[in-house]
Each structure stands twice: as structure tokens, then as C-alpha cells.
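Subject: Structure for you to look at, with notes

Dear colleague,

I am handing over the structure we spoke about, which is a predicted model. Please open it alongside this message, since my notes follow below.

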Amino acid sequence: MKFTKSVLAAALMTASVFSVSAAVNAAYAADVQDKVIVAHRGASAYLPEHTLESKALAYTMGVKYIEQDLAMTKDDRLVVVHDHFLDRVTDVADKFPNRARKDGRYYVIDFTLDEIKTLNFTEGFEIKDGKRVQGYPNRFPMFTSVFKIHTLEEEIEFIQGLNKTMGRDIGLYVETKAPWFHKQEGKDISKATLEVLKKYGYTTKDSNVIFQTFDYPDLKYVVDTLMPKMGMKLKTVMLLGYNDWNETYELKDGKWVPFDFNYLLDPKNFPEVSKYATGLGPTYAMLFDLEKTKKGNIVVNDFVKNAHLNGMMVHPYTVRADALPEYASNVDELFKAILIDADADGVFTDFPDLGVAFLEKQAKK
């Protein structure tokens, strides 16, 4: 059989197209596999947040990182709990009814570790008309089974133990809660956190840990002062919120005033922020043009692009399949908008299994 020059040229062109297509597909699959699913407070959609049981379940789901929120006790221990108060997730009001502050909250910092260990940990709730109302009604029933608060050391030993027995290397994603509040109370939560991390071998940017905070002044203190003094250099993430959240306060002219997050959200300040942050942690809505976005058409903005131009990764929070925004028809659509369309490097989710499954489906395309 003879081939004309045109037939040969066409054949070579077709082979070239298939070769390029295969290379593109391989690159896409590799890029997708590099995306990070972070278990937000563990597998918190299925078991009470931040319990060791929730962390174990998240571990089995194939995530790359498991999150630890930290607050400090009266006797200077670090416990894993999302809020720096106890009344949303425990029976503290029943066991210690006279220990609330004037605002009605029961602060971690007012209790010893031994006292906190007596509490029953449960699915989050609010008080409405004098009754406890579960925040996510279809999640694990309140005050059923037995769950307890644990220390950062206990969780690290648990995850490191699983890493050994399972032959994996799942990372820590540590957040210091309200460092500004702890400073007001005379405690340095960031220093205490770094001391524990160093004790367990997390000291360099190659260590499988990320240190995150909403407190920019404290992050600068951590990067400029604490880590150099302690011989440490960890990956860091600056969490971003909206000003009306009053998430962070800073000391100015002797007064504690709300921190202005608009400064951090302005791309022209990203070069400065990148001196302290390896990455940014925005709420995922910050990745979209909400004025143009509508159901069936999520429009991304340049947030991730601008962060990448300044050498910072982006890990937004928090995807919840049972609390989708009105513009997302299903959880996969939201994962796609965040991880593929906006090109975020990872995402926090209460549903780690759904995040991992989404990336697996994308990698196979």
C-alpha cells in the first residue's frame, strides 16, 4: 500500500494532535491531583466537629490535610475547638452554670483542662426561646454518644499514629483562634502553638503543616519574631474575612480596634502580604463576581490569579453540601467553580468525601 505525501502529512498531523491532546490531558490530571481537600474540623458533616472520631473519619476519606482550631485554657493548654468559648458545642452551661462572662459566653480561657475534660462535646447548636436548636438539623444528633474535647498534642499523636499504621502522610492545618483576645488575657497562643509543633518535629516549610490565622498583626509577629527565634519556618496562610464580622482586633494608640480586612483584600497589597503568607484563605464568595453571578452561571474574578502572581496559594473555605449558596445547584458545581474555574489550590469542606470524589472524577476526564 502506497501513501501519498498528503496522506502522510495528514497522518503526522493527526498523530501530533493526539500527542498534544494526551499531553494536555496528562497535565490537567496532574494539576487536579495537586489540588488540596482540607477536612474542615474533620469530617464535620458526619460527626461532631473537631472530635477525634471526626478526624479519624476524615482520615479514611483520603484528604491531604486535617484542620485543628486552637484555643488556650486557664492553665495554658491548647485544646482543639473552633470557638474560643465552649457554650456552642458542649454542656458547659449545665455543669458550670455560674462561670459565664457578662456577655453570657463560657470562655475556654476561664477553665482548666481538667474542667474542660468533664464536658460532653456535641454537634453545634444555638439557644432559641430557651431551647437548644441544632445548627445543621440533619447532622449527628445532639448529645448522643460520648465525645470529648482533646489537646493539640493528643491530636498530633493521633494523626501521626495513623500515618504510621496506614503508611500515609496526612498534614496538619493549624489555626490559632483570636490571638488578639488571648493577648488581652495575657497569653501568647501563637508561641504556645509553635512550641508544640516544634516538639513533634514540624519546623520547616517541608514539614507537613500549615499555620493559619485571621490575625494579620499576629501573623507578622509569628513570621518576623517567633519563628526566627525558635529556628522555625513553616508554611503560613492569612485568613480573610469581611469587616462586619469583627473577626480580628488590633492594638492602635493603646486601644483595641477592629482590623480592616479591606487592606488585605486589595490586590495592590498582595506583594506585602506575601512576605508573611505562603497563601491566602478567603471565604469562597471572594473568588466570584457576585454582581454578575446567578444560578447556573458562577462568574469568577481575578482573586486567585492575583494571588498566584504574588506567589501565594489559595485555600478558600467552607463548602457545605447542606448549606449551598443560592447560585449553586449542587455541591459539584460549587467545587468546580472554586477549584477548576477560579483555579484555587484547595478548599476546606465539611464533606471531605465529596471533595475527594469530585477531584477523582475531574482527574479521569
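In strand 7, the side chains of V209, F211 and T213 point one way while those of I210 and Q212 point the other way, and all of them are buried. This is the pattern to expect from the general rule that in a regular strand the side chains alternate between the two faces of the sheet. Because five of the five residues of strand 7 (residues 209–213) are buried, this strand is largely enclosed by the rest of the structure.

Strand 6 (residues 171–176) runs parallel to strand 7 and is joined to it by four bridges, with Y173 standing opposite I210. Strand 8 (residues 235–239) also runs parallel to strand 7, again through four bridges, and here I210 stands opposite K235.

Strand 1 is another strand to examine. In this strand, V36 and V38 point one way and I37 and A39 the other way, and all of these residues are buried. Strand 1 pairs with strand 13 in the parallel sense over four bridges, and the bridge partner of V38 in strand 13 is F348. Strand 1 is also joined to strand 2 (residues 65–72), which runs parallel to it, by two bridges, and in strand 2 the bridge partner of A39 is I66.

Helix 12 comes next. Within helix 12 (residues 331–341), the residues V331, L334, F335, A337, I338 and L339 are buried. They cover an arc of only 165° around the axis, and therefore they lie on the same side of helix 12. The buried residues of this helix pack against strand 1 (36–39), strand 13 (346–349) and helix 13 (352–364). At the N-terminal end, helix 12 is capped by N330, a side-chain oxygen of which lies 3.2 Å from the backbone nitrogen of D332. Just after the helix, D343 takes a positive phi of about 70°.

Which residue makes a polar contact with the side chain of D350? D350 sits in the loop between strand 13 and helix 13, and its side chain makes that contact with the side chain of H40, at 2.7 Å. With a relative accessibility of 2%, D350 counts as buried, because the cut-off for that word is under 20% relative accessible area. Leaving aside residues up to four places away in sequence, D350 touches H40, A43, S44, A45, Y46, R139, T318, V319 and R320.

Turning to the aromatic residues, the structure holds 20 aromatic pairs. As a general point, a pair of aromatic rings is described by the distance of the centres and the angle of the planes. The rings of W180 and F181 have their centres 6.2 Å apart and their planes at 80°, so this pair is edge-to-face. W180 is buried, with a relative accessible area of 11%, and F181 is buried as well, with a relative accessible area of 6%. The rings of Y216 and F259 also have their centres 6.2 Å apart, but their planes are at 50°, so this pair is tilted.

N246 is found in the loop between strand 8 and strand 9 (249–252), and N246 is partly exposed, with a relative accessible area of 38%. From C-alpha to C-alpha, N246 and F259 are 7.5 Å apart in space, although 13 residues separate them in sequence.

With best wishes

Notes: Residues are numbered from 1 along each chain as its sequence is written. Side-chain values use heavy atoms; hydrogens and water are left out. Buried means under 20% relative accessible area, exposed over 50%, partly exposed in between (1.4 Å probe, protein chains only). Two strands pair if DSSP finds at least two bridges between them. The arc is that of the directions from the helix axis to the C-beta atoms. Contact means heavy atoms within 4.5 Å. A polar contact is a pair of N or O atoms within 3.5 Å; within protein, one must be able to donate a hydrogen and the other to accept it, and residues adjacent in sequence count only if both atoms are side-chain atoms. Rings of Phe, Tyr and Trp (its six-membered ring) pair if their centres lie within 6.5 Å; planes under 30 degrees apart count as stacked, over 60 as edge-to-face and the rest as tilted.
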